Amino acid sequence: MELFEQNLEYLKRYFPNPFYNRICSKKPSQISEFQSSFYGEHAESKCYKQVELFLSHPAHLSLSFSTNTYEYTHQLCINSLNSIADDLGRKSNSKPQRGTLIVLGLGAGYHIPKLLSKIRYTDVIVVESNAAHYAMACQHINFAALHAECESRSGSINFFNIESFDQFLSEMKGLIDQNGVHLLSDISLYRHYSTPLTDQIFGEFKQWRNSFASMWGFLEDELLGLKHTSENRLNSTVSCHENVFSEFESFPVVIVGNGPSLDKSIDELKKQSDHVFIVSCGTSLAPLMKAGIKPDFHIEMERTSVNFEIKEAELKDPNNKDVVLIALSTVYPKLLTQFDNRIVFAKGNDLGAELANLSGDGCKALYHCNPTVTNMAVASFIRMGFKNIILLGCDYGYVDHQKHHSQLSSYYEPTNLLSNVNFDNEMKVKGNFRPFVFTSRIFNEARAAQERLLGHNSSVRVTNTSDGAHIQGTQIAHFEDLKFDKKSKYKLMPTVVAYASTHSGSQLNVGEYFNDACDKLKTLKAQVVGADSITEVKGQLNRFIYELRKERQSFVYQLLLSGSIKYIVATIASHINHLPLNVWADYDVKVRIELSAMLDKLIYELTLQ
C-alpha cells in the first residue's frame, strides 16, 4: 500500500480533483477484480511479452531534413550539420539513443519502465482516461521513479486524460509548444490496448506527426512576404472583405482545383458556366483555358516569383484581363498588377499583417488559407459571404501517383518547371468516392485545413465533387448530378467588378522590431556558446522559442525567428538520437561553430531591412 499511496500523491499534480478522486476511491478488491478481468493472470509477464513483440516491429517515425541546394540560412546550417553527423557515423535508421515514447493505454503499467530500459526514451506521454487503469498502475510501478528517470535524461513524463482525437492533437500541440519540436524527431507509438480513440491515434500516426512538423516558416520567407506586402499595399486595398457579397450567398461558386478528377467533369463545367461563378486556383487556370473556359475569379497565394513565371503566359493573356484576382498581400507584386480587378487579403500568421496590426493599420486576417491555393479559395469566398461552394478537382490525393494533376495541366508539359515535380504513395486516406486514395504530406495537410475551416463555418454548404480525398464537413455528389438554377452570373458580376476595381494605397510601418530581433539573436548566441552540453544547446534553443511568446509584440518575433530555429532544434535532435554517445562531445564542438555562424547570418539578414 505504501507504493500505492506514493503514486497517488504523485498523480495529484496532474489531474483535476473529480478525476483524481475517482482514482483514489478505487478499493484494493475493486482494482484486483478489474486487473483480473483485463489481463486474466500474469499481468506482468503479459506486459513484458507485448514489449518484446513491439521491439521486434516498432511503430516508430524518425524526422530529419535532407541536404539540398537551397540558399536559405537555416538550410545551409542543416547541410553543414548533416555532414558533421555523417562524418561521425550517423546511422539514420538505427535504434535511437533518445526519443519520445507515446503510450496508448496505461493498464498495469509494467510496459513503461520495461520500454525505458530497452531504449533511452527521454520523454514519455501516457494517453489514458480511465481512472481504473491509473489505480491499477499505482499498485505496480513507481511514477515518481519514472519521472526522475525522464528528468535525468533531460526529458519529462506527461499524462493525457483525453476523450477525443481533437483533444489529443490539442494536448500534443501544447506540449510541443512548451517543450520543443525535438519531441517529433523520433517518436515511438506503443498501443497497449485498443479503443476507438487509441486506434485513431495509431492509424493516423504519420498524418498527425507530419502536420506538427509542417508550416514552421523561416526568416527569409517572412522577409520576402513582408517586402511584397509593403509594395502591394501601396497600390491595393488590403482589407478583411467580410460579407461584401453576402447578397449573392446562395449563388453557386465552383472552386476549380488542378486535381486529376477535373478532367472527367470539365466539359460539364463548360456547359454550366453561365450559371455558376468559376474560380481558377493557381495552376488550374491552364486546363480551364485549354478547355475554352474563362474563369470569373482567379486565386493566388504563393509569394515567390517562380509562381508567377510558371504561369506567366496564362496570367498575361489579354482574355484574362478583366478576371477578378483574389490574392494574399504577400504575393509577387508583378503578379498582382496583371489584374485591374483585385481583392487582396491580409494573411493570418503573417509578419506583414501583424506589423500592420501593431501600427494601427491592420485588418482581420484570413486564416486556413494555406498550404494550397484551393484552401485560399474556400477561405476567401466564405469570408466574402458565399454559402454555396462546390469543390471540383480539389482532390488532395490521387489513385495513381503518376496521374497527380489534371492531364491538361502544365505538370505534363516537358518544358515547364512543374514537370520536374514528383509524387509518391506517401499515405492512404479515405476517398470521396472510393475506399481510399494516396496522398502527400502537403495534400493531406490541405485536406485537414479545409476540415478545420468548415468546422468553424457550419452554415456554409460545401459540396465535394472531386474524386480524391474525403473532406469531413462536405456533402458528396458527382458534378454531373448537380442541378443549377438558370440565373445568369452576368447580372451579378458588375457588382463584383465595381468593388474589385476600387483601390487605395497605404504605407506599412515596420518600427524597430528588426533591431530588437537582432538583440535577441545576439543573446541566444551567447547562451549557446555558454551551454554545458549538446543537450543543453538544444535546451537553450527551445527556451528561446518559448520565451518569444511572452512579450506584447511577441508574435512578430515568433514569425521572424522561431521557424528557422525550429529546423535546427529538430536537426540536432535527429542527429544525437542516431549518433553513438561517445561522439556527442565532438559533434557538440562542431555544432556550436555552425550554429554561431547561422545566427550571425540571420542577424546580418535583419540588419539589411
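# Reading burial, helix packing and backbone in this model

Me: Buried or exposed: how does Ala379 count?

Reply: Ala379 counts as buried, because its relative accessibility is 3%. Here is the scale: buried is under 20% relative accessible area, exposed is over 50%, and partly exposed is in between (1.4 Å probe, protein chains only). One caution before you go on. The model is predicted, so local features need pLDDT of at least 70 and side-chain atom pairs count only at pLDDT 80 or more, while totals for chains, interfaces and linings use all residues. Residues are numbered from 1 along each chain as its sequence is written, and side-chain values use heavy atoms, with hydrogens and water left out.

Me: Where is Ala379 found, and what is it in contact with?

Reply: Start with the terms. A contact means heavy atoms within 4.5 Å. Helices (H or I, at least four residues) and strands (E, at least two) are DSSP runs, numbered from the N terminus. Ala379 is found in helix α19. Neighbours within four places in sequence are left aside; beyond them, Ala379 touches Leu366, Tyr367, His368, Cys369 and Leu453. Take His368: it is eleven residues from Ala379 in sequence, and the two C-alpha atoms are 6.4 Å apart in space.

Me: At what angle do the axes of α19 and α20 cross?

Reply: Axes are lines fitted to C-alpha atoms, for helices over the stretch in contact, and angles run from 0 to 180 degrees between N-to-C directions. The axes of α19 (residues 373-383) and α20 (residues 441-455) come within 10 Å and cross at roughly 10°. Under 35 degrees is roughly parallel, over 145 roughly antiparallel, 65 to 115 roughly perpendicular, and the rest oblique. The two helices α19 and α20 are therefore roughly parallel to each other.

Me: Which residues of α19 and α20 meet?

Reply: From α19 come Thr374, Asn375, Val378, Ala379 and Ile382; from α20 come Ala446, Ala449, Gln450, Leu453 and Leu454. Sort them by class: seven are nonpolar, three polar and none charged.

Me: How do α22 and α24 cross?

Reply: The axes of α22 (residues 513-529) and α24 (residues 554-576) also come within 10 Å, with a crossing of roughly 40°. That makes α22 oblique to α24. Handedness is a separate label. A crossing is left-handed if the near helix is turned anticlockwise from the far one by less than a right angle, and right-handed if clockwise. The crossing of α22 and α24 is right-handed. On the α22 side, Tyr513, Phe514, Asp516, Ala517, Lys520, Leu521 and Leu524 take part; they meet Val556, Tyr557, Leu560, Leu561 and Ile565 of α24. By class, this contact has ten nonpolar, no polar and two charged residues.

Me: How many residues of α7 are buried?

Reply: Eight of the eight residues of α7 (residues 131-138) are buried, so the helix is largely enclosed by the rest of the structure. The cover over them includes α1 (2-11), α2 (17-24), α3 (28-39), α8 (143-152) and β4 (157-160).

Me: And His111, buried or exposed?

Reply: His111 has 0% relative accessibility and so counts as buried. The residue is found in α6 (residues 111-118). Its contacts beyond four places in sequence are Cys47, Val51, Val103, Gly105, Leu106, Tyr190 and His192.

Me: What should I look for in the backbone?

Reply: Most residues other than glycine have a negative phi, and most peptide bonds are trans. Now the exceptions to look at here. A cis peptide bond joins Asn370 and Pro371, with omega about 20°. Pro371 sits in the loop between α18 (351-358) and α19. His368 lies in the loop between α18 and α19 and has a positive phi of about 55°. Its relative accessibility is 25%, so His368 counts as partly exposed. Asn349, in the loop between β11 (342-345) and α18, has a positive phi of about 55°. Asn349 is partly exposed, with a relative accessible area of 42%.

Me: What radius of gyration does the protein have?

Reply: The radius is taken over C-alpha atoms, and the globule rule is 2.2 Å times the number of residues to the power 0.38. With 609 residues, a compact globule would have a radius near 25 Å; the protein has 27 Å, which agrees. The protein has 25 helices and 16 strands, and 56% of its residues are buried.

How values were computed
Ala, Val, Leu, Ile, Met, Phe, Trp, Tyr, Cys and Pro count as nonpolar, Asp, Glu, Lys and Arg as charged, and the others, Gly among them, as polar.
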